[in-house]
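This report looks at salt bridges between side chains. Please view the sequence and the structure before reading on.

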Amino acid sequence: MIAHGSGVATNIRNIVNSLCSNFVFEAFDMPIDTGIDEISQEIQIYLKQLDVSSNNGVVLLFDMGSPQQLFAKINQATGSNLLVISNLTTSIALDVALRVLQKEQFEDLATHAETYNEAINIQFYEGLSQKNNIIISCMSGVGISEEIKKTILKSLDNSLEIITMEYSKLKNLLKYEDDTFFKNTMFVITTVDFPEKFSLPIINIYDILDGNGTNNFRSLLLKANFSSIEISSTIQNLIRFFSVEGVKHRLHILNPDVVITDVEQVVQNYEAFFDIHFSEKIKLNLYMHIALMLERMVLSGTNGEKLNQSLSNLTDNQQEFIKISKHIFEPIAMKYNLNVSLDEILLINEILAL
């Protein structure tokens, strides 16, 4: 066990070893300003002296820092399994000690360590994850990354692990870790372009719904053995998510989730009638435009009679589109007690360019 400060690790070691009536832990008290390199050198010297290569494994508890960095620096010196836990408390140390004394399998001990506390990070295997994974890292914070993760997991199964992390943390990992650390990472979803060059594909989240970005996203998920149906569902869920995010702060009466669900049906009806598949970008524009249109009409109490131009000036295609749209909007017009104006229908026609 390693801790910064005078006697911190030693005191916890003495308590745990005494309660276990056995010598389980060794302690290293490090000065407050000791860095990760100095700590790793100290531990490596100790492990070489012990010759732990024939042991089942080594457990390392420390008080603060990156478990990934410490693991990467020490792993080669152990010659056996290494588990790094980034939180040193008496209760956790005691639990680990009792499991060691009960000769619990090392893999089971590592799995159990993940349940200690959400704030605790562990590192057991080399690399970010043993499973195929993608990383989501948005500059706006982990909150939006977690929401995107939930959205993607609605249609993709758990065979692909989705890891969210702070943008600064990812940049740090890319700076200090080599490609082997990301050996199971298939690609990164982010909101910014990374200045560093590395081998992993990077997809800007804003490009997923736009032309080449969509095709690139589809291609990467196909390589991960997901079906076309799962991928299309994932993209549709992302469109819906971004639509809700785009309108929720601009709607004052209508519920964003409810209205986007209604709009989604309208757009699907347009696609079905014209036997066409709108691009993801057009769908996103439609979702947001129609949602805001509905709120605007609810607030204004429009009866749909206003028209800024004469019907005689409309083309046959425009008049046909109006007739079709009136039918498509009928259920939603009844639900919200409004009539969609001809001007609004013509705006939709311009967006679709039909």
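In this predicted model, the side chains of D262 and K335 form a salt bridge, with a distance of 2.9 Å from N to O. D262 belongs to helix α10 (residues 256-274) and K335 to helix α13 (residues 330-336), so their pairing ties together parts that are 73 residues apart in sequence. D262 is buried, because its relative accessible area of 17% falls under the 20% limit. K335, with a relative accessible area of 48%, is partly exposed.

R296 and E344 meet through their side chains in a salt bridge of 2.8 Å, N to O. R296 is partly exposed, its relative accessible area being 39%, whereas E344 is buried at 10% relative accessibility.

What links D95, R99 and E104? These residues are connected in a network of salt bridges. R99 counts as buried, with 19% relative accessibility.

| Salt bridge | Distance, N to O |
|---|---|
| D262 and K335 | 2.9 Å |
| R296 and E344 | 2.8 Å |

As a general point, side chains of opposite charge can pair when their charged atoms come close.

Key:
Residues numbered from 1 in each chain as written. Predicted model: local features only at pLDDT ≥ 70, side-chain atom pairs only at ≥ 80, totals over all residues. Heavy atoms only, no water. Buried < 20%, exposed > 50% of the residue type's maximum accessible area, 1.4 Å probe, protein only. Salt bridge = Lys/Arg side-chain N within 4 Å of Asp/Glu carboxyl O. Helix = DSSP H or I, 4+ residues; strand = E, 2+ residues; numbered from the N terminus.
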